[in-house]
Amino acid sequence: MKRNIIETVMGGVVLVIAAAFVAFAFNASGLRTVGGYSVSAVFDDASGISPGADVRMSGVKVGTVTAQELDPNTFFAEVTLSIEDRIQLPDDTSARIVPEGLLGGNYIELQPGGALENLQPGGRIEYTQGAINVVDLLGRFIFGGSDSGGSQPSGGGGGFGPS
């Protein structure tokens with residue numbers, strides 16, 4: 001009977017330590033939800049962005065991505081952002097999807113404009129730039145340009161002038 005009590009106590013200690021580790025990891029990671037007002041942005045390519053992704057301005061987190069859906073009429077991605085209440089975005093703010101690093105994920109970077117009017121809650125960011133496919137760019141650089149039309153014209157000249 002004494003052995004069962006010791007095993008139960010040890011199991012409880014392990015669970016408390018695991019819960020403390022999870023709490024510490026969450027606090028140390030800097031993850032936090034951002035309450036505030038919602039705005040939307042439409043991107044032609046929203047690769048690498050999902051709900052929970054950071055929204056940053058000058059490298060500082062000012063919001064999060066709360067939703068992402070495909071517009072069935074335009075086939076563009078409509079992304080909903082939650083921006084901190086203390087940040088008032090000018091009407092001509094632009095948004096672009098940028099990589100966090102060579103192997104990291106993507107986040108949305110906001111560039112404030114110079115408009116005197118502010119973007120209202122529920123408004124839309126009009127100026128956007130979608131994700132850049134780094135692997136595609138690297139492949140084009142390595143394998144010789146942006147020939148998307150298929151084969152090279154024949155003629156034996158190798159493409160260096162008239163044959």
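Hi everyone, let me start with a definition: buried means under 20% relative accessible area, exposed means over 50%, and partly exposed is what falls in between, with a 1.4 Å probe and protein chains only as cover. By that scale Val13 counts as partly exposed, at 38% relative accessibility.

A word on what we are looking at. This is a predicted model, where local features need pLDDT of at least 70 and side-chain atom pairs count only at pLDDT 80 or more, while totals for chains, interfaces and linings use all residues. Residues are numbered from 1 along each chain as its sequence is written, and side-chain values use heavy atoms, with hydrogens and water left out.

Now the overall layout. The chain has two helices and eight strands; here helices (H or I, at least four residues) and strands (E, at least two) are DSSP runs, numbered from the N terminus. Reading from the N terminus, the elements go α-β-β-β-β-β-β-β-β-α. Of the 163 residues in the chain, 25% are buried. Taking contacts (heavy atoms within 4.5 Å) with a separation of 6 or more, 63% are between residues 24 or more positions apart.

On to the sheet. It is open, has eight strands and mixed pairing, and its order is β7-β1-β4-β3-β2-β6-β5-β8. At the edges sit β7 (124–125) and β8 (127–129), each pairing on one side only. Two strands pair, by the way, if DSSP finds at least two bridges between them. Let me zoom in on one pair: β5 (residues 94–99) and β6 (residues 106–111) run antiparallel and are joined by six bridges. Within that pair, Ala95 stands opposite Leu110 in β6.

Next, charges. Side chains of opposite charge can pair when their charged atoms come close. I call it a salt bridge when a side-chain nitrogen of Lys or Arg is within 4 Å of a carboxyl oxygen of Asp or Glu, and this structure holds six of them.

Which residue forms a salt bridge with Arg96? It is Glu109, with the closest N and O atoms 2.8 Å apart. This pair links distant parts of the chain, Glu109 being in strand β6 and Arg96 in strand β5, 13 residues apart. Glu109 is buried at 13% relative accessibility, whereas Arg96 is partly exposed at 34%. There is also a network: Asp54, Arg56, Lys61 and Glu100 are joined into one by salt bridges that share partners. One of those salt bridges is between the side chains of Lys61 and Asp54, at 3.4 Å from N to O, and Lys61 is buried, at 13% relative accessibility.

Then there is Glu84, in the loop between β4 (77–83) and β5. Is Glu84 buried or exposed? Buried, with a relative accessible area of 9%. The side chain of Glu84 meets that of Arg86 in a salt bridge of 2.8 Å, N to O, and Arg86 is exposed at 64% relative accessibility.

Last, the surface. Areas come from the Shrake-Rupley method with a 1.4 Å probe, and for residues only the protein chains shown count as cover. The chain's accessible surface is about 11,300 Å², with 60% of it belonging to carbon and sulfur atoms. And back to Val13: this residue is in helix α1 (residues 2–29), and together with Ile5, Val9 and Ile17 it makes a nonpolar surface patch of about 360 Å². Such patches are made of residues with over 30% relative accessible area and no salt bridge, with nonpolar side chains (Val, Leu, Ile, Met, Phe, Trp, Tyr) joined within 5 Å and like charges within 9 Å. Thanks, everyone!
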